[in-house]
Amino acid sequence: MAKSLLSVVGGNTPDVRGAVVDHVLRASPHAVTLAVSVQARDDRYPTVQRFVSGGDARVQEAVPLSATGDPAVILHQDLLSLRRTAGQLHVILALPAELDILPLLCELWRTRIGSSSLEDHYDPTPLLVGVDSASFMADIGCVHRAVRLWGEGGQSGPVTPAEVAARQVEAADALIVPAPVHQDSRRAEGAAALAGHLNAQALLLTSSNSGGAAAELPPSLIQPAPRGATEEWRARLESMSVPRPRRGTQHGVESVLWRARRPLHPERLADALATVMCGVVRSRGHLWLSSRPDSVVTWRSAGPHLELREADSWLEADDQHAWRAASPQRRTLASWFWHDYYGERRNEITFTGTHLSEQRIRSALGAALLTDEELSQGRDAWTSMPDPLLSGGDSP
């Protein structure tokens, strides 16, 4: 039997998420919608409510209305139940903002002992995310409270609303930005431009105020995604993943990619942060810090909040186990950037914001790199450099 189709839909508000589901249903009228909501229960597993629409009575009764537990496990069971009940079908999985889309999908597709794999039953279509421009612009600068998301391996640590807004946009294969009826059109166009820069690989579908609805979905968005889509999800979550910058400036929004092939002095980098981050709305990448020569230090900011974290180890030429465990994408990048002495070590960050000064960013970060004299002193001298970023001001 041919596989079923699974269209995953997200959105930063229930209304815009529903609008995207309506677009899919117009293109695929016989699809079954599995809408999900999540209610947190302190630090315990949440209550996951589901509502099925479309199909016959058997299909609508195949999924319980409510359950408590890991959302990925519950939805895995739901999708297999729909497949057993209806055979070949098209399911639209509408996810709330409380679920971290990419980690959740990686967990859904993970092979479980004693259970069928979704890969045997479903072909995923491209990921669709709706963006309500007013809510997006409010959230992308909000760092004054913390929320938790559910995804791969359970609940995440606390993240800001700005981080949630950025992650949702970055997960998409297609971004759908309807024009709001009662909002300044230039602000809405700026929100669409920012979303497009945060995810340069996504197809951006917008609408005019006169039209009122986003453009019709291209047929490719309700067909199976290109082969290897599931591996791409996991690769985009790796510590070495750096967003591709979009070229040009749209409504004042622009992106800057910075790379360097020598370590950063942590103290000088700390001093440069105020200059580097001026005007930055979102930045992601990784660092090679002199104080942590063996560690991949991830760089992630959303709004005015910046997080630096030791997330992985650099690949070494003779560590065959680490090479086998790395994704094909990382192995390819490591080969491209390989240095006979430093291996894959490098700095790489993409900055996105409004009216950025590329020269200022490059100059400030360049001044934080080790000088030739410091570089020649070797590893022992590097690790003794003061590190106010990851060591609370003390040397490691």
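Predicted model: local features only at pLDDT ≥ 70, side-chain atom pairs only at ≥ 80, totals over all residues.
Strands of a sheet pair through backbone hydrogen bonds, either parallel or antiparallel. Here the sheet is open and has 5 strands, which follow the order β12-β16-β13-β14-β15 with antiparallel pairing. At its edges lie β12, covering residues 253-260, and β15, covering residues 305-313, each of which pairs on one side only. From one strand to the next, the twist averages 10°. Looking at one pairing in detail, strand β12 is joined by 8 bridges to the antiparallel strand β16, made of residues 347-354, and within this pairing W258 has I349 in β16 as its bridge partner.

Helices come next. Helix α6, formed by residues 161-171, packs on the sheet and touches both β13 (280-287) and β14 (295-302), while its direction makes about 75° with that of β13. Helix α7, formed by residues 185-198, lies across β12, β13 and β16, and runs at about 20° to β12.

A further contact joins two helices. The axes of α9 (residues 266-276) and α12 (residues 358-368) come within 9 Å and cross at roughly 175°. Angles over 145 degrees count as roughly antiparallel, and α9 and α12 are therefore roughly antiparallel to each other. On the α9 side, the residues in this contact are R268, L269, A272, T275 and V276, which meet R360, I361, A364, L365, A367 and A368 of α12.

Methods
Residues numbered from 1 in each chain as written. Heavy atoms only, no water. Pairing = 2+ DSSP bridges. Helix = DSSP H or I, 4+ residues; strand = E, 2+ residues; numbered from the N terminus. Axes fitted to C-alpha atoms, helices over the stretch in contact; angles between N-to-C directions. Contact = heavy atoms within 4.5 Å. Parallel < 35°, antiparallel > 145°, perpendicular 65-115°, else oblique.
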